[in-house]
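User: I'm new to this one, so could you walk me through a few spots?
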Amino acid sequence: MKNSEKQLTIITTHINADFDALASMLAAQKLYPESLAVFPGSQERTLRNFFINSVAYLFNMADINEIDFSAVNRLVLVDTRQPSRIGKLAKLLEKPDLEIHIYDHHPSMADDIKGNLEVLESTGAAVSILTEIIQKKGIDITPDEATVLILGIYEDTGSFTFPSTTEKDFHAAAILLSNGANLNIVSDMIAREISPEQVGLLNDMIQNATLYHIGGVEIVVTTVNTEKYIPDFAYLVHKMVRMENLNAIIALGGMGNKIYAVGRSRIPEVDVADILKPIGGGGHPYAAAGTIRDKTLVQAQQELLDILSQKVRPRHLAMNLMSAPAITVDHRISCYRANKLLTRYNVNALIVRDKEAPKGLPSGFITRQVIEKALYHKLAQVPVSEYMTTELATVGPEADLQEIQNKIIENKQRILPVVKNDEIIGVITRTDLLNHLVQKTDLTPEHIPNPLKENIRARTRNVKKFLKERQSSRILHILKTIGETASERGVNAFVIGGFVRDLFLYRKNEDIDIVIEGDAIEFARQYAQKVNARLHTHQKFGTAVVIFKDGFKLDVAAARMEYYRFPADLPTVEMSSLKLDLFRRDFTINTLAIHLNPENFGMLLDFFTGLKDIKEKTIRVLHNLSFVEDPTRVFRAIRFEKRFDFSIGKLTDSLIKNAVKMNFFKRLSGKRVFTELKLILEEENPTPALIRLQDYDLLKVVHPSFYLTRKTIDLLDAARKVLSWFDLLFLDESYQKWIVYLLTLTHQANRQSAEEYCQRLELAPKYKRLFCQERTEADHCLYWLEKNMSVSNHILYRKLTNFKTELILYMMATSHHERVKKAISHYFTQLRYVNTSISGNDLIHMGLSPGPIFREILEKLRDAKLNRQVLTIQDEYDFVQKFINNHHLK
């Protein structure tokens, strides 16, 4: 008797349903509890046996022949949306009032069924989509249900090994495991044994396999024929792929009066879903299947080969794309001669070789941009080896388009040598690659992408959630308000630099630098008014500082570019775009930006692979003349290297050595050198950076006599320990760390040398007095303390009290005597803040007249208190009265 209930919901999937289809039907039934589950046709034997023996009780199942199609008002499709794959149920699509809900993970096709509700996502398994929906709705899942659902994920992702596997599949599996999914059952079903007849069929498939080369792509086609149906043909094809390590295969199995086609692919050139579509198949680019009727196996094979010749995407190899012969230059030729060659051959990059090297491999490459900058800075006679890029990727003649594209784009490489047997046989330029991609996609001129535009070059990633996890609610509110204000003004706002870098390094940094693509000062004025903050502007540079009521500061600048009139010059500034603004920065790790406008809030922009270098823990400059234009970047490179425990990249390292050799630092003013040295000395542990400076022979930039000895390094380590100790006292007293370290660095210097250091660094008069006169006095005091170790508290107090905190810490660090260190520690912790309770007013009340005697009395009283001779305020009064009596004072 046919089911004639009204308002009937049917859940179905594709013919030849697999475990993902079964699991998706069960998951859909959780979302539509009053529905009927209906298989549209046959299933693989393993699935059929599993269903009958294990999980049939979980389903509200109906036979397709028992359904009254007129009573169906809603059709729920899972793991498919192809009308040709739902069998008899396709007749329901003719109903005009039918409501269709679709949950699918297959790529879209022209003849797809259109649904009233469509949940379409590119996941490894369709059931992963439904699992997340079930969790969001708070629907309970039993352990048995969880086991069926996770089985679908394991099968359709190849136990999470297929390239189609996504993060959502892992997340869905985690949800199901937390609901009691039994992996033992999954293991038994996935690692199923094959029967003797299946072994024979697999052997025939391997023996009958033929390898075809189509457009440079290898694809295997195999055919088998049996009188009767042998189940799990798709599983046997999958097994053959693993056994023979195949990249692409189409298997045709003639069984009875049908031919079953199964495709598997690991390469983008072979889209098996697209290949099997003309014969009624469907699936994914990497896994598809179909059934052929009314044709012989020979006819089907011929039709398949015709389809392959049309559908397989030709693989473009380096040997087909390269230009030959390669134009190379010797590493010793000058930048001037290299520029002439660029013009002569009308190319934008040259391969540089060391012809004296035993092999003909390239040493690097140099671009027109670098050559032109070198000539601009009057470096025409410098060899190209000094500014060439040495981090050079190469490819072999058999390299495919994907490898070529990755090496040119990921390495920001304008020219890619093609090498065979250690010889350069040709080159592929960035222009060659772009032209090929344009032809490949058949773009019209107006739609050809411009590689110079930011949206082509930037790697993007939404880090909104990461921002929320890492930043305080106040910082998030500030960033959002900035974005809202920018949108109101019709400009783009970005947070950039160290704030973004440290976000990914999991380091706290609330120094916020904002870049505005537009008028930064007008933006800052409007923003400051909105948040009721003060504003300082710098019209010349187009920058502003927003100062909140609690002193928190926000730096705002217009996107700008800089150029340098000569090496070590201060930059000349012009307005620009975000990308050019970031290009002027020192290192790739500092070029990350996060969009703040509401519509793109949290979108990370990475133009120069900064995130990659953070992950690889590498310091890299953005262009080869970076240290020529601004040599102080060398100091920053070393500072960042040691602060983050990174390493300086190979090319950047050679460019630093070149800058030292060419002595570009001679033009640096003392103030600029001091600024960079001060920043290094303010690091938590500056010693490794100072040692690195010495390794590069850069301490002489501070002063020719500057040199780190083993003794100086030990003193610096001692200073670090002293500062750590002092910080842990949590005294309400500020001090400047860099002063202590610089005093320690110059410990061995005499008065004349110290004055030379101050003059070279152009120190302010107060610092010059500290490093020369006051340091000498501190050294004399330390010498006295080391000669007179056992002194009373009041003598120790009088010796140290007039010295600045930095000088006392310096004395403590440089002393060789533990007793002196303990004495200074005692001064800081017990003596420094000792004061008398009695004041001058109290002395007047005691009948004394103001005069020099007040000072003498109070000093004597403080000495007594320091020496623990008086403890209470009454003791102080008694002490003063006794002093008055002994001195016959009125």
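Analyst: Happy to. Axes here are lines fitted to C-alpha atoms, for helices over the stretch in contact, with angles running from 0 to 180 degrees between N-to-C directions. The model is predicted: local features need pLDDT of at least 70, side-chain atom pairs count only at pLDDT 80 or more, and totals for chains, interfaces and linings use all residues. Residues are numbered from 1 along each chain as its sequence is written, and side-chain values use heavy atoms, leaving out hydrogens and water.

User: How do H27 and helix H29 run, roughly parallel or roughly antiparallel?
Analyst: The axes of H27 and helix H29 (residues 710-727) come within 10 Å and cross at roughly 155°. Angles over 145 degrees count as roughly antiparallel. So H27 and H29 are roughly antiparallel.

User: Which residues in H29 does H27 meet?
Analyst: Contact means heavy atoms within 4.5 Å. On the H27 side are Thr687, Leu690 and Ile691, and their partners in H29 are Ile713, Leu716 and Asp717.

User: Is isoleucine 10 buried or exposed?
Analyst: Isoleucine 10 sits in strand S1 (residues 8-12); a strand is a DSSP run of E, at least two residues, and a helix one of H or I, at least four. Buried means under 20% relative accessible area, exposed over 50% (1.4 Å probe, protein chains only). Because its relative accessibility is 0%, isoleucine 10 counts as buried.

User: How far apart are the end C-alpha atoms of helix H26?
Analyst: The expected span is 1.5 Å times one less than the number of residues. For the twelve residues of H26 (residues 670-681) that should give 16 Å, and the model agrees: the end C-alpha atoms are apart by 16 Å.

Terms used:
Angles under 35 degrees count as roughly parallel, over 145 as roughly antiparallel, 65 to 115 as roughly perpendicular and the rest as oblique.
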